[in-house]
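Here is a brief structural report on one protein chain.

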Amino acid sequence: MDEITFVDVLTHYQMKLKEASDEVETIKNQIKKAESHIDSGWTGAAADACRLKLESVNGELAKTLTEISEALIKLSAIGEFIAEEETTLV
């Protein structure tokens, strides 16, 4: 059985965070489509409530993307540190 290194683990989590980021972007695109349907003529209280809810969800998605980006940056920094330490130890 192969040994699992810190770099392997970091690479795995970077991949998972990238996948999550892609999923959030897909959802954001779907919300934009929904907004364009609403803007194409739907009016009244229900349309206004839907717009507000979509704006709220968009805000949460933006926050999630920011958190994912920050996590990726931190993981990259950790990976670089570990790579430097591995070369120093060799």
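The report below starts with the basis of the model and then turns to the chain.

## Basis

This is a predicted model: local features need pLDDT of at least 70, side-chain atom pairs count only at pLDDT 80 or more, and totals for chains, interfaces and linings use all residues. Residues are numbered from 1 along each chain as its sequence is written, and side-chain values use heavy atoms, without hydrogens or water.

## Fold and extent

The chain has two helices and zero strands. These are DSSP runs: H or I of at least four residues for helices, E of at least two for strands, numbered from the N terminus. The radius of gyration, taken over C-alpha atoms, is 20 Å, well over the 12 Å from the globule rule for 90 residues, so the chain is more spread out than a compact globule. That rule is 2.2 Å times the number of residues to the power 0.38. Along the principal axes, the C-alpha atoms fill a box of roughly 70 × 25 × 15 Å.

Contact means heavy atoms within 4.5 Å. Of the contacts between residues at least 6 apart in sequence, 73% join residues at least 24 apart.

## Burial and core

Buried residues (under 20% relative accessible area, 1.4 Å probe, protein chains only) make up 16% of the 90 residues.

The largest nonpolar core has eight residues: V24, I31, I38, A47, L54, L61, L65 and I68. Such a core is a set of buried Ala, Val, Leu, Ile, Met, Phe, Trp, Tyr and Cys residues joined through side-chain atoms within 4.5 Å. Both α1 (6–39) and α2 (45–89) give two or more residues to this core. The largest share, five residues, comes from α2. Beyond its neighbours within four places in sequence, L61 contacts V24, I27, K28 and I31.

Conventions:
Buried < 20%, exposed > 50% of the residue type's maximum accessible area, 1.4 Å probe, protein only.
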